[in-house]
Amino acid sequence: LQRIHWSDSYNEEHEEMLCCFLHAIQESASLKELHMDLLRGDGPSTLAFENMLTHTQNLRSLSLRIFRGRNVAAAVSGLKKNTTLRELTLELHQGSTVSPILTSLRDHPLLQRLCLRGYTMDLTGLETLLLSDTSKITELNIKGYTFNGRPPAIGLTHVLQALARRPTLTKLELLCCPLGRDESILLQMALCNTPSLQSLTLTYYTLGSAGLAELAPALFHNTSIQVLDISENALYDIESANIIRDILCHNKTMTTLDLSANRFGIHTGIVQ
């Protein structure tokens with residue numbers, strides 16, 4: 001058994017079962033991937049979860065749905081002691097605090113891929129993790145969800161500033177994180193200062209026509225990005241078409257380009 005996916009609503013039976021399974025997961029010699037909801041309550045499963053993270057010898061990938069309460073403290077303590085994870089996905093419940101968790105990851109010996117998902121996420125603390133000399137993060141995925149007109153992510157500006165000072169990043173994915181002009185300029189600076197970046201995803205209305213124009217100089221002559229995904233950004237105006245054409249003409253490194261769901265057929269001349 002190498003993978004477990006457990007998602008369930010909270011009840012007393014769930015709590016009792018979870019304690020048993022967490023102990024078994026802790027002792028497993030084969031389990032490498034775990035997807036689960038972290039309980040809202042303050043029951044004994046919080047300690048069992050912390051112990052599992054601390055003592056597991058084989059777990060490589062962990063996906064958690066985080067709520068408020070003592071379980072956040074358990075996650076912080078367990079992740080700080082963990083020595084096996086390569087990939088961590090945190091789905092943040094609205095109002096949950098992610099900063100202490102990010103702080104606990106600064107000295108993680110192996111963690112390379114970090115994924116953050118949620119409604120109106122507060123990314124405070126992520127910039128500190130990215131700037132840490134001991135952090136091993138090389139892949140970053142941020143996926144926001146809009147809620148009642150609120151921004152999908154708070155603190156994205158500081159994260160983009162930090163990315164410009166993390167030259168070892170190999171993969172960056174921003175999904176549903178609309179970039180204004182200032183954020184696009186910061187991302188362009190990050191692209192120019194990240195010679196190791198091999199894959200860039202800006203999709204689900206992250207990038208508008210103006211943002212694409214700001215990034216264009218960095219994309220024309222980039223010699224590291226092999227995969228570019230700018231799908232589902234409503235890039236159907238002639239200005240965007242001209243920029244994409246110039247990227248195709250000038251960039252000699254890119255091997256994969258995703259332009260899907262941009263509705264190019266709306267205006268005459270765009271496809272040509």
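This is a predicted model: local features need pLDDT of at least 70, side-chain atom pairs count only at pLDDT 80 or more; totals for chains, interfaces and linings use all residues.
The buried positions comprise Ser-45, Thr-46, Ala-48, Phe-49, Glu-50, Met-52, Leu-53 and Thr-54. A further buried residue, Asp-37, is located in strand β2, which covers residues 33-37; its relative accessible area of 15% places Asp-37 in the buried class because this value is under 20%. The C-alpha atom of Asp-37 is separated by 10.0 Å from that of Leu-90, a residue 53 positions away along the chain.

Helix packing was examined next. Two packed helices are described by the angle between their axes and the distance between the axes. Helix α6, formed by residues 156-163, and helix α7, formed by residues 181-192, have axes that come within 8 Å and cross at roughly 20°. Since angles under 35 degrees count as roughly parallel, this crossing makes α6 roughly parallel to α7. The crossing of these two helices is left-handed. On the α6 side the contact is made by Thr-157, Leu-160, Gln-161 and Leu-163, and on the α7 side by Glu-183, Leu-186, Leu-187 and Ala-190. Classified by residue type, the contact of α6 with α7 contains five nonpolar, two polar and one charged residues.

Helix α7 also packs against helix α8, with an angle of about 10° between the two and their axes 9 Å apart. The helices α7 and α8 are therefore roughly parallel to each other, and their crossing is right-handed. The residues of α7 that make this contact are Arg-181, Ser-184, Ile-185, Leu-187, Gln-188, Leu-191 and Cys-192, whereas α8 contributes Gly-211, Glu-214, Leu-215, Pro-217, Ala-218 and Leu-219. By class, eight nonpolar, three polar and two charged residues make up the contact of α7 with α8. Leu-187 of α7 takes part in the contact with α6 and in the contact with α8.

Helix α8, which spans residues 209-220, in turn packs with helix α9, residues 238-250, at an angle of about 15° and with the axes 10 Å apart. These helices, too, are therefore roughly parallel to each other, and α8 passes α9 in a left-handed crossing. From α8 the contact draws on Ser-209, Leu-212, Ala-213, Ala-216, Leu-219 and Phe-220, and from α9 on Glu-239, Ser-240, Ile-243, Ile-244, Asp-246, Ile-247 and His-250. The contact of α8 with α9 divides into eight nonpolar, three polar and two charged residues.

Trp-6 counts as buried, at 17% relative accessibility, whereas Phe-21 is partly exposed, with a relative accessible area of 44%. The other pair joins Tyr-119 and Tyr-145, whose ring centres are 5.0 Å apart and whose planes stand at 40°, so this pair is tilted. Here Tyr-119 lies in strand β5 (residues 113-119) and Tyr-145 in strand β7 (residues 139-145), so the pair ties together parts that are 26 residues apart in sequence. Tyr-119 counts as partly exposed at 40% relative accessibility, and Tyr-145 likewise counts as partly exposed at 24%.

Backbone geometry was considered last. Most residues other than glycine have a negative phi. Tyr-204, although not a glycine, has a positive phi of about 55°; this residue lies in the loop between β10 (199-203) and α8 and, at 35% relative accessibility, counts as partly exposed. A positive phi, near 55°, is also found at Ala-234, a residue other than glycine. Ala-234 is situated in the loop between β11 (227-229) and α9, and its relative accessibility of 30% makes Ala-234 partly exposed.

Methods: Residues are numbered from 1 along each chain as its sequence is written. Side-chain values use heavy atoms; hydrogens and water are left out. Axes are lines fitted to C-alpha atoms, for helices over the stretch in contact, and angles run from 0 to 180 degrees between N-to-C directions. Helices (H or I, at least four residues) and strands (E, at least two) are DSSP runs, numbered from the N terminus. Angles under 35 degrees count as roughly parallel, over 145 as roughly antiparallel, 65 to 115 as roughly perpendicular and the rest as oblique. A crossing is left-handed if the near helix is turned anticlockwise from the far one by less than a right angle, and right-handed if clockwise. Contact means heavy atoms within 4.5 Å. Ala, Val, Leu, Ile, Met, Phe, Trp, Tyr, Cys and Pro count as nonpolar, Asp, Glu, Lys and Arg as charged, and the others, Gly among them, as polar. Buried means under 20% relative accessible area, exposed over 50%, partly exposed in between (1.4 Å probe, protein chains only). Rings of Phe, Tyr and Trp (its six-membered ring) pair if their centres lie within 6.5 Å; planes under 30 degrees apart count as stacked, over 60 as edge-to-face and the rest as tilted.
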